[in-house]
Amino acid sequence: MFPSFPDRRQLLLGGGAVAASLVLPGTGRGQTVLADTPFTLGVASGDPWPDGFVIWTRLAPKPLDEHAGMTMAPGGVPVTWEVAADEGLAQVVRTGDAVAWAELGHSVHVEISGLDPHRPYWYRFTCAGFRSPAGRARTAPVVGSRLDSVRFAVAGCQQYDAGFYTAYRHISEEDVDFLFHYGDYIYEGRYGDEAKKPRHVVGDEPFSLDDYRRRYALYKLDPDLQAAHASCAWFVTNDDHEIQNNWAGSSDQNGTPPEIFLLRRQAAFQAYYENMPLRKTSLPRGPDMQIYRRAIYGDLLNANFLDTRQFRTDQPCGDGFQPYCSEAFAPKAQMINAKEEAWLHDSLTRPHARWNLVAQQVMMMPMDRRNKADAGYGVINNLDSWAGYPEARQRMVEHFRGLGNVVVVTGDEHQNFAGELRDKGVDGQALAVEFVSTSISSGGNGSDTRPGTDILKSHNPQLDFENDQRGYLICDVGRDVWRTDVRVLDYVDRPGSGVTTRARLAVERGKPKLVEA
Ligand code: FE
Ligand code: CA
């Protein structure tokens, strides 16, 4: 095409740049000019409380380009936001200004307050004359107020190149109070056979802040993921792949010196914060980030979101799926630290609510992983899960003893599992139930049962349910019965799968065992 004469805006921008801050006389931050919408990554909300929630966006006119297409300048870019009481955003009840800092990848996090409890609101942003899509979020009920039901989704493990995010499209159509994300929001590596993948990531394995920002940008361009974020508030927690596979504390998988790995962790945590609807309390400080936190829904649900990566000791016995060695019983082995453990214990034992949710990342139930007939070897454990930390796990189930209202919700396995968390491994009395949610896309299509499941079940009497399809959980919490629906997809290697309810599992308050729903 013959190049046309540049218009005024292009002249102002110096041709190639798509954004510029023009400081006008008498104004502070200046006026931002953008050639394209900066709202390519959608909007999100998180951590609802009784009079508000976090709203999030990130300015990225060219999401995969350097600086996501933003011109870098000090002072940040002004953004306005509005929260409305109606879906059409006609009745605006709160509005304000925010700054998208270059230092934070031009992300915007606003903590809204002054809203009414337990009702939906709609929100959107405006920048340089461009308007974002609208999102919806529901405030939490007043703490301690009588509440008959709460409903939430559980999702995570969304390797982009392993499959499409159709499950998120279905989640966006669920009527839920919130979503719990158990981590693996991005994958740093390209796991699987590249030639067989339904889609592909750009860029090498991330190490720097800009690398991680770009990986998030690619993921967040997905319209199904954007729809799920826009549909409800999320409580997000990270697992391993936001930084590196199976990292633990200050150790990575490769024996990198801790002080070097912590630089990578710092970059990855900053990118995580920038891309998630987190409160300011989660703004990283150096290589540290506050992830574990609590939300109380009326008098019904005390939700505890754990951090099982940042404070854990390195996996014992060489990690992986292996028999125990003596290292697994090291007295100093821990999955969470003493501070987080004391915080959780205090939370569980205060009479907050009828149910205690322990929402976390890796499987807590002991599980013998043998799935071949008479292989001639002993018990095999997943040493990256709580099974690698048997003493710490026993301490954890001690905190559940006598409560009868604890439900553990977990991810990481890329399979659905449900069963009992028992005292002293698999033989003791059940102290809680655990629902392990599958993956959004990681692992590809899957099938109803994996080969060897019968053998696995024969070794694991605590296990009530197993399924190897992609999908998510819907937890419907009533005053006396907690119901968990296992939603599964037929395929993820192409878009368009429907969703079906593979199982309806339930637990009665006071009796930690699974019953027919
Ligand atoms: Fe995963
Ligand atoms: Ca994981």
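Residues are numbered from 1 along each chain as its sequence is written, and chains are lettered from A and ligands numbered from 1 in the order in which they are written. In this predicted model, local features need pLDDT of at least 70, side-chain atom pairs count only at pLDDT 80 or more, and totals for chains, interfaces and linings use all residues, while side-chain values use heavy atoms, with hydrogens and water left out.

**The sheet**

An open sheet is formed by 10 strands, in the order β7-β4-β3-β13-β12-β11-β24-β25-β26-β27, with mixed pairing. Strands (E, at least two residues) and helices (H or I, at least four) are DSSP runs numbered from the N terminus, and two strands pair if DSSP finds at least two bridges between them. Strands of a sheet pair through backbone hydrogen bonds, either parallel or antiparallel. At the edges are β7 (107-111) and β27 (511-516), each of which pairs on one side only. From one strand to the next the twist averages 30°.

Strands β3 (residues 43-49) and β13 (residues 233-236) run parallel and are joined by 2 bridges. Glycine 46 has tryptophan 234 of β13 as its bridge partner.

**Helix α4**

Helix α4 (residues 223-231) packs on this sheet and touches β3 and β13; contact means heavy atoms within 4.5 Å. The direction of α4 makes about 35° with that of β3, where axes are lines fitted to C-alpha atoms, for helices over the stretch in contact, and angles run from 0 to 180 degrees between N-to-C directions.

Aspartate 222 caps the N-terminal end of α4, with a side-chain oxygen 2.8 Å from the backbone nitrogen of aspartate 224.

**The two metal sites**

Donors are N, O and S atoms within 2.8 Å of the metal (3.2 Å for Na, K and Ca); water is not among the atoms, so sites may look incomplete.

| Metal | Protein donors | Distances |
|---|---|---|
| iron ion (ligand 1) | Cys157 (SG), Asp184 (OD), Tyr187 (OH), His414 (NE2) | 2.0 to 2.4 Å |
| calcium ion (ligand 2) | Asp184 (OD), Asp239 (OD), Asp240 (OD), Asp412 (OD) | 2.4 to 2.6 Å |

The iron ion (ligand 1) and the calcium ion (ligand 2) lie 3.8 Å apart, bridged by aspartate 184. Cysteine 157, in the loop between β11 (149-155) and α2 (166-171), and histidine 414, in the loop between β19 (406-410) and β20 (416-422), are 257 residues apart. Cysteine 157 counts as buried because its relative accessibility is 1%, and histidine 414 counts as buried because its value is 17%.

The donor residues of the calcium ion (ligand 2) are spaced D-x54-D-D-x171-D. Aspartate 184 lies in the loop between β12 (178-181) and α3, and aspartate 412 in the loop between β19 and β20, 228 residues apart. Both aspartate 184 and aspartate 412 are buried.

**Glutamate 82**

Glutamate 82 is in strand β5 (residues 77-84). With 14% relative accessibility, glutamate 82 counts as buried. Its side chain makes a polar contact with the side chain of arginine 124 at 2.9 Å. A polar contact is a pair of N or O atoms within 3.5 Å; within protein, one must be able to donate a hydrogen and the other to accept it, and residues adjacent in sequence count only if both atoms are side-chain atoms.

Definitions and conventions: Buried means under 20% relative accessible area, exposed over 50%, partly exposed in between (1.4 Å probe, protein chains only).
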